[in-house]
Amino acid sequence: QVQLVESGGGLVQPGGSLRLSCAASGFTFSSAIMNWYRQAPGKERELVATITSTGLRTNYADFVKGRFTISRDNAKNTVDLQMNSLKPEDTAVYYCKAVRAGLPYWGQGTQVTVSS
């Protein structure tokens, strides 16, 4: 069974930092492209960052470039999202996503709230 479990969310002040982690199981993690998405209230779910199976290449949405970093540890089956210089508009539920056999699998999400 494919399972993705996010952790690390919480309340942080503007300008602060958080590190999210996604623990994966039930598939060959080292062969998978992994993604972070987020969804704010009343808005569409949007792609935040992508990392290739080896971690050699990464892609970021324009609104997080220079502030967020995606990374992975294939020995531990985890993918992380380091978030710096957080803004109130970063407030959202953040989701980890993997694709297996052409089908998407999602974690349950972790809440990130950026507020004074």
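A residue counts as buried under 20% relative accessible area, as exposed over 50%, and as partly exposed in between (1.4 Å probe, protein chains only). The structure described here is a predicted model, in which local features need pLDDT of at least 70 and side-chain atom pairs count only at pLDDT 80 or more, while totals for chains, interfaces and linings use all residues. Residues are numbered from 1 along each chain as its sequence is written, and side-chain values use heavy atoms, with hydrogens and water left out.

The term stands for a side-chain nitrogen of Lys or Arg within 4 Å of a carboxyl oxygen of Asp or Glu, and the count comes to five. One of them joins Asp80 and Arg19, at 3.1 Å from N to O. Asp80 belongs to strand β8 (residues 78–83) and Arg19 to strand β3 (residues 18–25), so this pair ties together parts 61 residues apart in sequence; strands are DSSP runs of E of at least two residues, numbered from the N terminus. Arg19 is partly exposed at 43% relative accessibility, whereas Asp80, at 14%, is buried.

A further salt bridge brings Arg38 and Glu46 together at 2.9 Å, N to O. Here Arg38 is buried, with a relative accessible area of 6%, and Glu46 is partly exposed at 30%. Asp90 and Arg67 also form a salt bridge, their closest N and O atoms being 2.8 Å apart. Asp90 sits in the loop between β8 and β9, and Arg67 in the loop between β6 (58–60) and β7 (68–73), 23 residues apart. Both residues are buried. Through shared partners, salt bridges join Arg38, Glu46, Arg67 and Asp90 into one network.

Next come the rings. Rings of Phe, Tyr and Trp (its six-membered ring) pair if their centres lie within 6.5 Å; planes under 30 degrees apart count as stacked, over 60 as edge-to-face and the rest as tilted. Three aromatic pairs are present. Ring pairs link Tyr37, Tyr95 and Trp106 into a cluster.

A charge sits over a ring if NZ of Lys or CZ of Arg is within 6 Å of the ring centre and within 35 degrees of the ring normal. Arg45 lies over the face of Tyr95, 3.8 Å from the ring centre, and over the face of Trp106, at 4.6 Å.

Technical notes. Helix = DSSP H or I, 4+ residues; strand = E, 2+ residues; numbered from the N terminus.
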